[in-house]
Amino acid sequence: MIVVSLNNVSKKIGSKTIIDNLSFDVHAGEIFGFLGPNGAGKTTTIRMLVGLMKITSGDIFIDGHSVKSNYEEAIAKVGAIVENPEMYKFMSGYDNLKHYARMTKGVTMERIDEVAELVGLQNRMKEKVKTYSLGMRQRLGIAQALLHRPKVLILDEPTNGLDPAGIREIRDYLKRLARVEDMAVVVSSHLLSEMEMMCDRIGIIQNGRMVDVQLVNDMVNDGNISYLISAKPVDQAFNLLQNAFEGVEVKVTKQLLHVEGASIDVPKLVKRLVENNCDIYEVKQINQSLEEKFLEITSEKGGIA
Amino acid sequence: MGLLANEWVKIFKRKSSFIMIGILAIIVVVAAIGITFVNSQDNVINDNGNWQAALEEENKDLKEELKSTPGPYKKEIERIIAENEYRISHDMPKVTSYNVWTFMNGMMGLVDIVALFTIIIAAGIVASEFSWGTIKLLLIRPISRAKILLSKYITVLLYALFMLAILFVLSFILGAAFFGFEQNQPHLAYLDGQIVARAQIPFLLSQYALSSVGLLIFTTMAFMISAAFRNSSLAIGLSIFLLLMGSIVTSIIAGFFDWAKYLLFANTNLLPYFGSGTLMVEGMTLSFSLIVLLVYYIIFLVVAFWAFVKRDVAA
């Protein structure tokens with residue numbers, strides 16, 4: 001089920017086009033990553049999604065309600081953190097949540113306690129937010145976003161400032177929300193490795209345009225697979241493999257053989273080396289990381305990656 | 001309504017709001033103690049024996065003086081004469097010592113302090129949300145921006161009303177405690193050449209209300225600047241600067257140009273229309289001033305709402 005839908009959304013400030021005909025959908029139960037270099041338009045898009053910025057042309061639908069013409073209905077389905085989770089520092093965590101609870105219908109006191117426990121802040125709720133660490137503020141921000149049981153959770157850089165354990169916790173937590181509560185989660189980040197582990201689908205945005213939308217698994221594994229082979233003597237191995245197989249490219253870097261191709265028959269390859277008295281120390285498949293892929297995509301489509 | 005509760009909580013969870021109330025209370029207390037002290041120093045009891053004769057004597061002198069005084073000051077002298085005559089015919093000697101009413105009348109000057117504090121609140125209530133960054137989480141709720149801004153504006157007005165109530169009640173309590181109800185007389189107002197006796201509390205309330213017209217206008221102006229520029233120091237600075245300099249500059253302009261009467265500051269003080277103080281520009285009427293004030297007020301509110309609702313939040 002499509003929960004969030006952007007239709008040819010554009011944003012112009014003055015004569016400058018910040019976002020250019022952006023379209024994508026987010027489904028219930030999936031974590032959608034919104035990836036792009038700084039200044040690509042991630043935050044602007046998120047601001048338009050939550051109605052902080054006006055949409056110049058096109059429209060955004062949340063659970064079927066237009067953000068443009070039916071804002072209050074649309075935003076009622078959204079929980080969000082835009083940029084940093086800024087809270088009222090002079091109030092306690094509990095008072096902050098109560099503040100937001102008063103602004104939405106049907107959020108009970110029990111729900112506040114429930115959400116606080118969910119993000120693991122139940123013991124610190126009475127303390128003022130200025131005593132919180134960044135990680136705790138981030139969690140309070142998520143608690144605030146979940147108060148009214150939204151259908152969409154929008155998080156701008158949710159792992160910013162968290163330690164590795166905190167990042168892992170948030171990641172697992174978001175996955176649980178998506179799988180168990182069937183929530184649609186939109187996450188923006190420039191931390192590529194993080195996105196790779198967290199998201200189901202990633203949209204890459206550059207210069208206000210959606211460059212590519214792919215499933216994470218496809219993205220990482222599509223096309224060519226490469227292997228790293230450590231064999232001795234290197235020169236002999238190189239000569240043996242070069243031109244021996246159809247569609248396989250062999251390079252030598254740092255005394256290692258780098259084999260790349262669409263369909264590599266590894267056993268055959270190894271056999272050939274062994275039969276010709278090469279010693280093999282290691283054969284390793286290389287997963288091209290999202291980072292490389294990301295740089296590749298953004299530079300392919302003509303831009304500064 | 002939840003929104004009002006929110007704004008109220010946000011004001012009173014901060015120390016500065018209590019400091020403002022504290023300052024106001026301290027000023028009233030210090031004034032009461034100071035006046036008591038000064039009174040005990042020069043305790044000159046007037047010759048109570050024949051005050052009627054003294055007043056008649058004064059009136060005679062004043063009538064003489066009236067012939068040689070130029071226009072603008074005539075009215076004041078006429079007022080004193082009328083008041084003296086009223087006192088003689090109604091057997092009401094002049095109030096010679098401080099009592100609760102004179103104290104409360106004196107403390108009415110503190111409405112300006114209340115205005116100052118309310119301006120600070122008004123200037124911060126929108127702009128602070130921007131500087132804290134909390135505006136983003138505040139606006140992404142199923143509530144229209146206009147409603148959120150309205151709740152903030154009402155909160156500012158409630159805060160002003162709250163401060164005025166504190167000032168009124170506190171100066172009444174302290175006035176009663178320090179000076180008592182000696183020489184309890186109604187207020188003698190001068191309207192259309194007639195002296196009218198008025199009960200003190202309604203009179204003082206109406207005076208407070210009149211003094212608060214300026215407060216309302218300047219607070220709304222600060223609120224507008226806050227909502228339009230989203231910068232609290234600018235809003236506080238500009239409003240207080242205008243509050244302090246506005247009337248001076250306007251009176252200078254009024255010395256040369258007649259259009260000064262269309263300026264905001266020529267109209268914020270309505271007391272002259274009710275028999276105290278002088279008008280900045282001759283020939284202005286109450287209804288003229290009210291219309292000018294209303295026009296400014298509407299402009300301020302329209303700009304505030306337009307800027308807050310229409311502009312993108314990029315902070």
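First, a word on confidence. The mean pLDDT of chain A is 85, and 91% of its residues reach 70 or more. Among the elements of chain A, helix 3, residues 93–101, has the highest mean pLDDT, at 94. The lowest belongs to helix 8 of chain A, residues 216–221, with a mean of 64. Where pLDDT is low, the predicted coordinates should not be read in detail. Please keep that in mind for helix 8 of chain A.

Now the layout of chain A. The domain assignment gives two domains: domain 1 covers residues 2–220, and domain 2 covers 223–289. How far apart do the C-alpha centres of these domains of chain A lie? The distance between them is 45 Å.

Let me begin with a sheet of six strands. In chain A there is an open sheet with the order 6-7-8-3-9-10, and its pairing is mixed. Which strands stand at its edges? They are strand 6, residues 78–81, and strand 10, residues 209–215, of chain A; each has a single partner strand, so one side of each is left without a neighbour in the sheet. On average, and ignoring direction, neighbouring strands of this sheet are turned by 15° against each other.

Take one pair from that order as an example. Strand 3, residues 31–35, and strand 8, residues 184–189, of chain A run parallel and share 5 bridges. Within this pair, Ile31(A) stands opposite Val185(A), which belongs to strand 8 of chain A. Helix 1 of chain A, residues 42–49, packs on the sheet. Helix 1 of chain A touches strand 3, strand 7, strand 8 and strand 9 of chain A, and its direction makes about 145° with that of strand 7 of chain A.

Next, some antiparallel pairing in chain A. Strand 1, residues 2–13, pairs with strand 4, residues 57–62, in the antiparallel sense over 5 bridges. You can find one bridge by looking at Val4(A), whose partner in strand 4 of chain A is Ile62(A). Strand 4 of chain A also pairs with strand 5, residues 65–66, again antiparallel, over 2 bridges. There, Phe61(A) is opposite Ser66(A) of strand 5 of chain A. Strands 4 and 5 of chain A make a hairpin, with 2 residues between them. One residue in the turn, Asp63(A), has a positive phi of about 50°.

On to another sheet of chain A. This one is open and has 4 strands in the order 12-13-11-14, with antiparallel pairing. Its edge strands are strand 12, residues 248–253, and strand 14, residues 279–286, of chain A, each pairing on one side only. From one strand to the next, the twist averages 20°. Inside this sheet, strand 11, residues 225–232, and strand 13, residues 256–261, of chain A are antiparallel partners over 5 bridges. Ser226(A) stands opposite Glu260(A), a residue of strand 13 of chain A.

Two helices pack on this sheet. Helix 9 of chain A, residues 234–241, touches strands 11, 12 and 13 of chain A, and its direction makes about 15° with that of strand 13 of chain A. Helix 10 of chain A, residues 266–275, touches strand 11 and strand 14 of chain A; the angle between its direction and that of strand 14 of chain A is about 160°.

Now chain B. How many helices and strands does chain B have? There are 11 helices and 2 strands. Along the sequence, the pattern reads α-α-α-α-α-α-α-α-β-β-α-α-α. Taken along the principal axes, the C-alpha atoms of chain B fill a box of roughly 75 × 45 × 30 Å.

Helix 8 of chain B, residues 145–179, deserves a look. It has 35 residues and reaches 50 Å between its first and last C-alpha, close to the expected 51 Å. Just after helix 8 of chain B comes Gly180(B), with a positive phi of about 70°.

An unreviewed UniProt entry annotates several stretches of chain B as "transmembrane region", among them 113–135 and 156–181. In the model, residues 113–135 of chain B are 91% helix and 0% strand, and their end C-alpha atoms lie 29 Å apart.

Last, the contact between the chains. Chain B contributes 21 residues and chain A 24. On the side of chain B that touches chain A, helix 1 (2–12) and helix 7 (135–139) of chain B are the elements giving two or more residues. Helix 1 of chain B gives the most, with 6 residues.

Key:
Residues numbered from 1 in each chain as written. Chains lettered and ligands numbered in written order. Predicted model: local features only at pLDDT ≥ 70, side-chain atom pairs only at ≥ 80, totals over all residues. Expected span 1.5 Å × (residues − 1). UniProt positions renumbered as here; feature names shortened; annotations may be inferred. pLDDT = per-residue confidence, 0-100. Pairing = 2+ DSSP bridges. Domains from an automatic or database assignment. Axes fitted to C-alpha atoms, helices over the stretch in contact; angles between N-to-C directions. Contact = placed C-beta atoms within 7 Å.
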